[in-house]
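This briefing is meant to be read beside the sequence and the 3D view. Please keep both open while working through the topics below.

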Amino acid sequence: MKTRKKHPATTLSAHSVRERRAALVFILPALAGFLLFYLWPTLCGFYYSLTKYNLLGKPRFIGLANFAKIVHDKLLLNAIMVTIEYVLLNIGFQTVIALGLAVLMQRLTKSITLRGMLLLPWLVSNVIAAMLWFWLFDYQIGFVNIVIDALNIPKIPFFGGEFWAIPTIAFVNVWRHMGYTALLVFAGLQTVPNYVYEAASIDGASEWRSFSSITLPLLRPVLAMVLVVTVTGSFQVFDTVAVTTKGGPMNVSRVLQYYIYQKGFDQGEFGYASALSVVLFIILAGVAFVQLKMMRANESDMA
Amino acid sequence: MDNQAQFNGVKNRFSPGRIAAWVALYATLALTIFPFLWMLRTALSTTKSLPSAPGSLLPVDFTFGAFQRVLGLSSTAQAVAEGGSGASVNFLQYLLNSAIYASLVTIGQVAFGSMAAYAFARLHWKGRDMVFGVFLAALLVPPIFTSLPNFIFIKNIGLLNTIPGMVLPTFFMTPFAIFFLRQFFLGINREIEESAMLDGAGHWRTFFTIIVPMSSAPITTLGILTFINTWNDYFWPLLVGKTEGTKMLTVALGVFRSQTPQGSPDWAGLMAATLISALPVLALFFAFSKKIVDSIGYSGVK
C-alpha cells in the first residue's frame with residue numbers, strides 16, 4: 001500500500017480487485033433483499049396480471065383478458081375518479097396550508113418547539129389519526145358536531161355522508177401531513193438569504209410583493225419536489241379508508257388502492273388485482289413523468 | 001425567538017398584518033394539538049357517561065378504567081359497567097409484537113443499509129452507478145404492486161403469520177435507507193479514510209472505526225425514522241399478521257373498533273388504546289425531537 005504513489009498502475013489494480021471484493025460483501029445483503037423483495041415481485045406482478053390466479057391453484061396464463069375486463073370495469077372507473085377527487089383536495093389544501101405555515105414560521109419565529117409541535121400528527125400512524133377524527137367527527141357525540149349543533153347549524157355526517165366522505169378523509173390526511181410538508185418548505189426557505197428580503201424591504205416592497213416576487217420563484221424547485229412526493233403518496237391512500245369508511249357509503253370513498261386490496265384479499269382474484277395495480281403503476285409513472293418534466297422546465301427557468 | 005426573527009420584527013412589531021399572522025399560526029397550532037388533548041380527555045372518561053357531557057373539556061366521570069380495560073387489568077363486569085364490550089383485547093401482546101417488528105426491521109435496515117451505502121459511496125467497482133440507478137428506479141414502484149407478489153411468496157414459503165415473514169421484505173433494504181446514508185457518506189473526507197488504509201486498515205475496519213462513528217448522527221436519525229415508520233405501518237401487517245403472536249397494534253386498533261357490538265363504540269377504551277399505541281413514538285420524539293425536526297430538512301430537500 002505504501003508504494004501506491006510510486007507505482008500507481010500495478011498497485012491500483014491489486015487494490016481495486018480487493019476493493020471490488022469488499023464492495024460485493026458490503027452490498028450483498030441489500031442486493032439480496034432488492035432482488036428477492038423488489039425486483040422479483042415487480043416482475044411477478046406483471047406476470048400475474050396476465051393470469052387467472054386465486055391462490056389455490058397455479059396461476060393460469062390468460063393473456064390480456066384481465067385488461068379487456070378492466071376497460072369495462074365501472075367500479076374501477078369510479079375508484080379512479082374518487083382517487084383523483086381525493087388527491088386534488090388533499091394536495092390543494094396541503095400545499096397551500098404548508099406554504100402559508102412555512103412563510104409564517106420564517107417571518108415570525110424559528111422556534112424548534114413550535115416546529116416539533118407541528119410535527120406531532122405526522123408521528124402517529126394513519127390509523128391513529130383516522131381513529132382520532134372518527135371520534136371527533138362522530139355524528140351523535142363527536143366534539144365537532146357538538147360545536148356545530150351549538151352554533152345552530154345542522155350536524156354533518158362526516159365519514160358517513162356521500163358528499164362528505166372523501167373531503168373528510170382528505171381533511172384527516174391534510175391534518176396529518178401539513179406540518180411535515182410545512183417543514184420541508186421551511187427548509188427550502190432557509191436557503192434564501194435574509195439580506196434579499198432586507199434589500200426588498202428597503203426598496204419599499206410590501207410583504208406580499210416580496211412573497212410573490214422573491215419567495216415563490218425561489219421556492220419553485222422545492223415545491224416541485226414536495227409535490228412529486230406528496231402526489232404519488234396520496235394516490236396510494238389506503239389506511240384511512242380501511243379503518244373508517246371501508247369504501248362506503250355507496251362506493252363514494254372506494255379509492256383505487258382499497259379496490260385493489262378488496263379484489264385481491266377479500267375476493268381472492270389475484271390476477272385481476274395485479275392487473276389493477278398495473279393501472280395504478282401506469283398512473284403513478286405518468287404523474288411522475290409530468291412532474292419531472294415540469295421540474296426540468298423550472299431548472300432552465302432559473303438558469 | 002432568535003436575532004434574525006427579532007430583526008424582521010423591529011420595524012412593525014404590532015402592525016395588524018403581523019398580529020393576523022400570529023393568530024393564523026396559533027390557530028393552526030391549536031388545530032394540531034387539540035385532537036391529542038381530546039384523546040387524553042376521552043381516555044380518562046367512562047364511555048357510559050360521555051353522552052351526558054359531550055362538550056366538556058375535562059374528563060367525564062374521571063377514571064383510569066379505560067386504560068385498565070385495554071391492558072386487560074379490569075374484570076369483565078367492571079368493563080361492561082363503564083361502557084366497554086367486555087371482550088378481551090390483548091393489547092400488551094400487540095404492543096410487544098409491534099416492538100419486535102419495528103426493532104428487527106430497524107436493526108436490519110440500518111445495518112445493511114449503511115453497508116450498502118458505504119459500497120455505493122466510498123468503494124469503486126464496475127457497474128456501481130448502474131446498480132445504484134436500478135435501486136433508485138425501485139422508488140417508483142408503488143408498494144402495493146410488490147405487496148401482492150410478496151404476500152404470495154411469503155405464503156408459499158410458509159412464513160405467513162410469522163415474525164420472519166413480517167420482517168423479511170424490509171429487513172435487508174429500502175431504497176430510502178441507502179440513499180439517505182449515501183448522501184452523508186459521500187461527504188466524508190477522503191484523506192481520513194486513506195490515512196487509515198495506509199495504517200493497514202482494511203475496508204471492514206475503515207467502515208467500523210471511521211465511517212460509522214463519523215456518521216453516528218445520520219445513522220441514528222435513520223434508525224429513528226425507520227422505527228417510527230415501521231411502528232406505524234398498517235398495510236403489510238394487515239396482510240401477513242393475523243394471529244395473536246403477529247398482530248400489530250395498528251391492525252388491532254382497527255379490529256378493536258369494528259368489534260364493538262351494536263350501539264356506540266367504546267370511545268374511552270378506543271382512545272386509551274390509541275394513546276397507548278402512540279406512546280412509544282411520542283416518547284422517542286420527545287427524546288430526539290431536535291434531531292427529528294432537523295432531519296425533515298435534509299431528508300426531503302437535499
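Is Lys246(A) buried, partly exposed or exposed? Lys246(A) counts as partly exposed because its relative accessibility is 47%; buried means under 20% relative accessible area, exposed over 50%, and partly exposed in between (1.4 Å probe, protein chains only). The model is predicted: local features need pLDDT of at least 70, side-chain atom pairs count only at pLDDT 80 or more, and totals for chains, interfaces and linings use all residues. Residues are numbered from 1 along each chain as its sequence is written, chains are lettered from A in the order in which they are written, and side-chain values use heavy atoms, with hydrogens and water left out.

**The interface of chain A and chain B**

- The size of an interface is often given as the accessible area lost when the parts come together.
- Between chain A and chain B, the buried area (accessible area lost by two parts on being put together, 1.4 Å probe, summed over both) is about 9,000 Å², and carbon and sulfur atoms give 79% of this area.
- Phe26(A), Phe37(A) and Trp135(A) supply 10% of the area that chain A buries against chain B, more than any other three residues.
- Chain A brings 93 residues to the contact and chain B brings 103 residues, where contact means heavy atoms within 4.5 Å.
- Helix H1 (residues 8-48) of chain A gives 22 residues, the largest share of the side of chain A that touches chain B. Helices (H or I, at least four residues) and strands (E, at least two) are DSSP runs, numbered from the N terminus.

**Buried positions in helices**

- Arg182(B) lies in helix H9 (residues 175-186) of chain B. Arg182(B) is buried yet has no salt bridge, and the nearest side chain of opposite charge, Asp129(B), is 5.7 Å away; here Lys and Arg count as positive and Asp and Glu as negative, while His and the chain ends are not counted.
- Leaving aside neighbours within four places in sequence, the contacts of Arg182(B) are Ala117(B), Phe120(B), Ala121(B) and Phe132(B).
- Pro218(B), in helix H12 (residues 216-232) of chain B, counts as buried because its relative accessibility is 9%.
- Ser210(A) sits in helix H9 (residues 207-234) of chain A and is buried, with a relative accessible area of 7%.
- In helix H6 (residues 143-150) of chain A, the buried residues are Phe143(A), Asn145(A) and Ile148(A). Their cover includes helix H5 (126-136) of chain A together with helix H2 (16-43) of chain B.

**Backbone features in loops**

- Lys246(A) has a positive phi of about 50° although it is not a glycine, and its place is in the loop between H10 and H11 of chain A.
- Pro249(A) is in the loop between helix H10 (239-243) and helix H11 (256-266) of chain A. A cis peptide bond joins Gly248(A) and Pro249(A), with omega about -15°.
- Leu55(A), not a glycine, has a positive phi of about 80° and is buried at 18% relative accessible area.

Conventions
A salt bridge is a side-chain nitrogen of Lys or Arg within 4 Å of a carboxyl oxygen of Asp or Glu.
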